[in-house]
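I jotted things down in the order I looked them up.

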Amino acid sequence: MPKKPPPKRSLPVLASAMIQLTPDEQPEIAAIRKDLAREFDERSLDRTAPEDVTKRLGEAIAQLDALLAGDASDPARLLRTATDLVCETTSSEAPPAMQDASSLAPRVESRAPIPSMASILAPLPSMAPMSPVAVSLVPERPSRAPARIYRRLTLMPQDQDAELVNEFFSEASEHIAAAEAALLTLEAQPDDMAAVNTVFRAFHTVKGVAAMLGMTAVAQLAHHAESLLSRIRDGEIRCTGPYANLCLRGVDMLKETVASAAAMARGQRAELPDGYFELVDELMHSDTLQVEVAPPVPVAAPLPAIATAPAVAPAPVVAPAPAVAPASSPDTAATRATRTPKPAPTIPKPEEVAPAPVSASPETQSARNGAADASAQDSVRVRTDRLDRLVDMVGELVIAHSMVSQDSHASAASDVELSKKITHVGKIVRDLQDLSMSLRMVPLKPTFQKLTRIARDVARKGHKNLQFLTEGEETEIDRNMVDAIAEPLVHMVRNAADHGIETPEARRLAGKPEQGTIRLCAYHMGGHVMIDLSDDGGGLDRERIVKKALAKQLITSEKGLSESEIFQLIFVPGFSTNEAVTDVSGRGVGMDVVRKNIDRLKGRIEISSERGKGTLFSIRLPLTLAITDGMLVRVGQERYIIPTRDISLNFRPEPEQLSTAVGRGEMVMLRGNPLPLFRLHELFGVQGAVEDPCQALVVVLHDGASACALLVDELLSQQQVVAKSLGPAVGQVQAISGGAILGDGRVGLILDPSSLISLARQRRASSANGPRIEKQAARMPS
Amino acid sequence: MTEPANLESENSRAAGKYLTFVLAGEEYGIGILKVQEIIGFQPITPVPGVGAYIDGVFNLRGKIIPVIDLRVKFGMQRQERSRETCIIVVESRELRVGLVVDAVSEVRDVKSEELEAMPNLGFEAESDYFLGICKANGKVRFLLDIDRVLATEDILALRRL
């Protein structure tokens with residue numbers, strides 16, 4: 001609450017303010033009393049105002065007066081009674097729900113002011129109509145809410161500020177992700193109050209902002225989920241079993257609803273997700289779930305209000321109240337004084353009360369949360385295109401600087417001062433380059449959290465007992481890659497949980513612990529990001545892979561294939577079928593998609609597996625897609641960049657290593673293995689290249705399982721280049737993945753080895769009946 | 001031409017400032033608003049496997065820009081680069097492209113009375129490229145509709161890739 005209360009607060013605002021009050025806050029209570037009195041006076045004069053509201057207001061004011069007089073034996077009770085009365089007025093005035101339509105006061109809607117930013121964190125006036133307060137205060141009402149209460153829900157109002165809305169969407173998704181992660185933590189440690197607070201805060205913030213933006217559908221759902229969470233937070237229920245599931249489903253539904261709203265904001269047609277009403281209903285009536293009795297937890301600080309808890313109010317009343325989680329963070333403290341811990345104004349039924357661990361360590365918790373919030377506040381959202389532009393410009397700066405430093409005037413030894421200055425600038429430029437690259441790095445944590453969730457769901461569905469361990473989730477990777485890597489990982493984790501880990505019975509029979517383990521681990525190694533996914537499941541069945549590959553004619557014989565080459569076969573398109581082939585590629589959802597995704601990220605994937613012991617998938621990714629480690633090669637007058645990761649080795653062949661098959665197919669023997677030899681200058685129609693392989697250089701490229709040799713004139717250097725697209729006018733060119741600005745300011749083309757190899761094979765196949773390779777073919781449009 | 005009023009409005013629409021340049025001795029013009037900049041000839045990296053009129057790509061302050069040889073695009077003989085050779089960077093429908101021309105001449109204010117419609121020369125596709133002819137000081141200049149030049153099927157196909 002702002003220090004200076006706004007000149008006039010509407011009833012819902014007052015109600016929410018009161019809910020957060022404690023009896024000792026006399027000045028605030030006095031202020032509220034004044035506002036209530038004014039409201040009361042207005043209504044007394046207004047004949048159209050519903051009488052019962054006015055009456056309740058009067059009673060509430062009387063209660064507050066008694067409280068303010070200071071001689072009450074039980075101030076908390078007085079305050080609560082007053083609060084309840086005011087709450088009742090808001091719920092009876094509000095259009096929906098439990099009251100008869102005749103008692104609706106339509107003007108109230110317009111009275112509810114748009115909340116100021118400062119009050120977003122407090123329960124919003126527009127939320128009040130949705131609060132289940134009326135339900136709890138009128139116990140004789142049927143507990144199932146009629147569906148019509150939802151009729152006024154708005155998914156996405158028309159006339160909202162697009163920027164505000166977009167900010168909300170990105171903020172909401174962050175909160176949802178955090179909530180999801182925290183809920184998973186809670187499953188393992190149901191008493192982790194920091195996690196409860198995280199979830200609570202997520203729902204709460206989403207609710208507040210959504211309500212402010214008029215997205216009542218989102219707000220309503222978040223509100224009811226928050227109610228459930230507040231019960232968990234108050235120790236009334238524990239976040240286990242059905243409650244944990246309900247919470248997770250709440251998060252899921254929130255995610256979907258927000259997504260629907262986002263779709264609508266983009267101008268697409270969108271509706272409330274399926275099951276929305278059912279879930280809201282379930283959340284509202286979560287107290288009918290089988291109640292699990294919380295084990296006694298030592299009470300660090302007894303909650304003073306327990307003793308005075310009236311039985312009239314079931315828990316959900318608490319829901320709209322705690323705008324501020326007990327472990328309050330500084331930013332919420334800005335809007336109102338932090339009170340930690342604070343008794344809930346309305347208290348759960350005594351028989352349901354489990355001593356709440358909320359107060360276990362409020363100091364450390366708020367300190368921790370405070371730190372987290374502080375770091376969040378220190379960051380600025382920047383549009384990625386600006387970031388990309390910045391990286392581009394810095395790249396240009398590096399080139400421009402190297403042009404200056406290599407200038408003959410500058411490098412002349414005569415001017416020591418100048419070269420000193422240039423070196424100094426060079427240092428700054430390099431720092432700047434490092435910095436600009438790091439700007440795009442984000443931790444893998446959100447991705448890992450998503451995977452944790454998936455593993456859990458798959459395990460639950462498949463009745464597997466497994467633990468999912470993650471390590472190194474703080475490892476950073478280029479922002480542009482995060483989404484792209486999530487997809488294959490999801491696939492692999494699902495496979496590992498579904499097919500990799502055996503059923504508990506099978507595991508017991510195999511003499512392994514019933515609980516399977518999937519370990520996801522990320523770390524940096526030599527300028528790469530490594531992501532290892534290992535499981536202790538059944539492992540890959542080598543024999544069956546070979547059999548399958550033979551049947552599918554992917555290989556002609558098993559001979560000469562190493563173990564890892566055989567495992568790589570599962571990535572070959574068309575390998576997986578609907579028949580459960582191996583433990584990992586069972587469902588026919590191809591592992592080739594995984595490989596394709598990783599290839600696109602310029603990464604590599606290796607498998608090692610031992611039958612009965614488990615499987616390890618090792619993914620190696622570059623830190624960023626923007627920079628490619630490349631080998632600069634020259635062919636004639638042209639220079640090309642070959643990504644280093646695709647090169648196995650290079651050598652200058654001896655005449656006896658060369659041979660041709662049927663006069664056309666050139667081959668080079670490498671350690672007894674024949675490799676097809678393709679001449680880059682022929683493929684690209686470059687003039688003036690070295691024709692004699694023995695005077696040139698052979699670069700051995702590996703493309704997954706197969707390898708080939710590429711003839712170039714010479715290697716110039718190894719360098720890191722900033723990969724750029726050739727632009728829409730040129731589009732995608734076969735065998736070229738993009739361009740890069742070289743040190744002299746010219747554009748060098750980056751080769752795409754796998755498409756280069758297929759281009760070469762195509763050429764060879766099409767020229768099988770004619771002369772070897774037509775040079776003109778190289779300039780034909782692809 | 002049967003309706004002079006129509007022609008009139010057509011002409012006044014085509015009137016305005018044009019950047020004129022030379023291709024094989026003929027003079028052409030591009031609407032000045034389409035032109036982003038003119039730069040001397042740059043080293044161009046050829047891209048294999050694309051249309052022959054795409055000369056390649058070059059580095060324009062960190063951006064990779066494709067270059068189209070207008071001579072080749074119009075079916076003329078390719079010419080050796082000289083000191084006069086220029087690249088005119090144009091933007092057409094968010095596509096930034098460099099055009100190789102023999103030489104840049106001037107920026108000319110084309111008045112509507114100097115404009116004439118392009119006669120039908122018999123080759124259909126190319127006639128589409130022209131907004132009209134500007135006749136002044138005894139010289140003929142062909143005014144190009146650069147959007148159309150760059151929107152022909154082959155380039156559109158490249159875009160879709």
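My cut-offs: buried takes 20 or more other C-beta atoms within 10 Å of a residue's own, exposed 12 or fewer, partly exposed in between, with C-beta atoms placed from the backbone. B:Ala24 sits in the loop between strands E1 (16-23) and E2 (26-31) of chain B. Its phi is near 50 degrees, a positive value in a residue other than glycine. Most residues other than glycine have a negative phi, so I took note.

Housekeeping: this is a predicted model, so I kept local features to pLDDT of at least 70 and side-chain atom pairs to pLDDT 80 or more, while totals for chains, interfaces and linings use all residues. Residues count from 1 along each chain as its sequence is written, and chains are lettered from A and ligands numbered from 1 in the order in which they are written. Helices (H or I, at least four residues) and strands (E, at least two) are DSSP runs, numbered from the N terminus.

B:Asn137 also has a positive phi, near 50 degrees. I found B:Asn137 in the loop between E10 (130-136) and E11 (139-144) of chain B. B:Asn137 is exposed, with 6 other C-beta atoms within 10 Å.

Next, hairpins in chain A. E12 (665-670) and E13 (673-679) pair antiparallel over four bridges; pairing needs at least two DSSP bridges between the strands. A:Met669 stands opposite A:Pro674. Two residues separate the strands of this hairpin, and A:Arg671 in the turn has a positive phi of about 45 degrees. E13(A) also pairs with E15 (706-712) of chain A, in the parallel sense over three bridges, with A:Phe678 opposite A:Leu710.

A:Leu710 came up again in the largest nonpolar core, which has 79 residues; A:Leu710 and B:Leu99 are among those with the most contacts inside it. A core here is a set of buried Ala, Val, Leu, Ile, Met, Phe, Trp, Tyr and Cys residues joined through C-beta atoms within 7 Å. Leaving aside neighbours within four places in sequence, B:Leu99 is in contact (C-beta atoms, placed from the backbone, within 7 Å) with B:Ile68, B:Leu70, B:Ile87, B:Ile88 and B:Val90. Apart from that core lies another of 52 residues, including A:Phe168 and A:Met193.

Last, H18(A): I logged a kink of about 25 degrees at A:Ile485, shortly before A:Pro488. The bend is the angle between axes fitted to the seven residues ending there and the seven starting there. Both A:Ile485 and A:Pro488 are buried.

Conventions
Contact = placed C-beta atoms within 7 Å.
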